[in-house]
Amino acid sequence: MRPILKSRQAKPDQLEPDDAWEVEAVLAWHDDDAKAAIRSLLDDCKHLRRQLALAERVMSRGMARGWTPRYERDAL
């Protein structure tokens with residue numbers, strides 16, 4: 001069973017307490033520079049996509065019982 005994902009269209013005042021804390025933590029890590037935070041998160045996303053592509057190439061289909069990675073999240 002797949003977990004239910006929260007809407008990406010949530011307004012800031014509708015964030016769960018943990019989500020709000022994560023946003024504040026990312027901004028604090030980047031000294032409240034939103035552009036630096038976004039750049040860092042995009043770089044992380046790019047790195048993880050490369051890692052996923054590498055894992056996909058070296059992993060046999062039998063190892064994952066036919067599962068293949070998706071690079072995009074499902075639309076809600």
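A residue is called exposed when its relative accessible area is over 50% and buried when that value is under 20%, with partly exposed in between.

The confidence of the prediction deserves attention at the outset. The pLDDT averages 77 over the protein, and 68% of the residues score at least 70. Over residues 1–5 the pLDDT is below 50, and this stretch makes three contacts in the model beyond near neighbours in sequence. Where pLDDT is low, the predicted coordinates should not be read in detail.

The secondary structure consists of two helices and zero strands. Of the 76 residues in the protein, 7% are buried. The accessible surface comes to about 7300 Å², and carbon and sulfur atoms account for 57% of that surface.

Helix α1 covers residues 17–29, and H30 lies in the loop between this helix and α2. H30 counts as buried because its relative accessibility is 17%, under the 20% limit. Which residues does H30 contact, leaving aside its neighbours within four places in sequence? The contacts of H30 are with A36, A37 and S40.

D31 and D32 also belong to the loop between α1 and α2, as the placement of D31 and that of D32 show. Most residues other than glycine have a negative phi. D31, although not a glycine, has a positive phi of about 50°. D32 likewise has a positive phi, near 60°, and is a residue other than glycine. H30, in contrast, is buried at 17%.

The N-terminal end of α2 is capped by D33. A side-chain oxygen of D33 lies 3.2 Å from the backbone nitrogen of K35. Helix α2 itself comprises the 25 residues 34–58. How far apart should the ends of this helix be, at 1.5 Å a residue? The expected span is 1.5 Å times one less than the number of residues, so the 25 residues of α2 should span 36 Å. The end C-alpha atoms are 36 Å apart in the model, which agrees with the expectation.

The structure holds one salt bridge. R39 forms a salt bridge with D43, and the closest N and O atoms of the pair are 3.1 Å apart. Both residues lie in helix α2, four residues apart, which is about one turn of the helix. An α-helix has 3.6 residues a turn, so residues three or four places apart point the same way. Are the two partners buried or exposed, or in between? R39 is partly exposed, because its relative accessible area of 42% falls between the 20% and 50% limits. D43 is also partly exposed, with a relative accessible area of 37%.

Methods. Residues numbered from 1 in each chain as written. Predicted model: local features only at pLDDT ≥ 70, side-chain atom pairs only at ≥ 80, totals over all residues. Heavy atoms only, no water. Polar contact = N/O pair within 3.5 Å; in protein donor to acceptor, adjacent residues only side chain to side chain. pLDDT = per-residue confidence, 0-100. Contact = heavy atoms within 4.5 Å. Salt bridge = Lys/Arg side-chain N within 4 Å of Asp/Glu carboxyl O. Buried < 20%, exposed > 50% of the residue type's maximum accessible area, 1.4 Å probe, protein only. Areas by Shrake-Rupley, 256 points an atom, 1.4 Å probe, with all protein chains shown as cover.
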